[in-house]
Amino acid sequence: MMARLRDMPMRVGLGRAAATLASIWDRWKAYERIEARGLELLSAWLSPEQRSQFETYKRFDVIGSDSGKRYRICYGTSTNVYEMDGGGRVVLGWCFRPAGSLAAGDVMLAQKIALETDERATLMVARPFSSSLPPRSDLHPCG
């Protein structure tokens, strides 16, 4: 590999490096556009209170359709949903997401809709996980 690089004219090597960097930059900008669209759609579906929570903490709370339990959905695409108790402490984490490679806003919107419309079916496919957060009411997941 080093021998090939040594034999390559400097101009060719720099041209390839510039093309590679340009390609990486283009992919990053495309990712940012996709992420922004997902967050814009999520924001349109949030209640004013949820939108305020998300703008401040990058997370929001939803109420389960069947049990009335409160869940906290944090920014992310997996292991980002927490069941909360009445004192604001984490009871349990729930891992579920739609299939495919989706932007965080799209995943969070799907999680919100699932819990608010069919909590029971959602939890049947979700995988529970324990939170390693200290049992203090002043500490909340996701800030």
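Leaving aside neighbours within four places in sequence, with which residues is Ile 73 in contact? In the predicted model, these residues are Arg 59, Phe 60, Val 62, Asn 80, Val 81, Met 108, Gln 111, Lys 112 and Leu 115, contact being defined as heavy atoms within 4.5 Å. Because the model is predicted, local features need pLDDT of at least 70 and side-chain atom pairs count only at pLDDT 80 or more, whereas totals for chains, interfaces and linings use all residues. Residues are numbered from 1 along each chain as its sequence is written, and side-chain values use heavy atoms, without hydrogens and water.

An open sheet comprises five strands in the order E1-E2-E3-E4-E5, paired in the antiparallel sense. Strands (E, at least two residues) and helices (H or I, at least four) are DSSP runs numbered from the N terminus, and two strands pair if DSSP finds at least two bridges between them. Strand E1 (59-63) and strand E5 (127-129) form the edges, each pairing on one side only. Strand E2 (residues 70-74) is joined to strand E3 (residues 81-84) by four bridges, with Arg 70 opposite Met 84.

Helix H4 (residues 104-125) lies across E1, E2, E3, strand E4 (90-95) and E5, at about 135° to E2; axes are lines fitted to C-alpha atoms, for helices over the stretch in contact, and angles run from 0 to 180 degrees between N-to-C directions.
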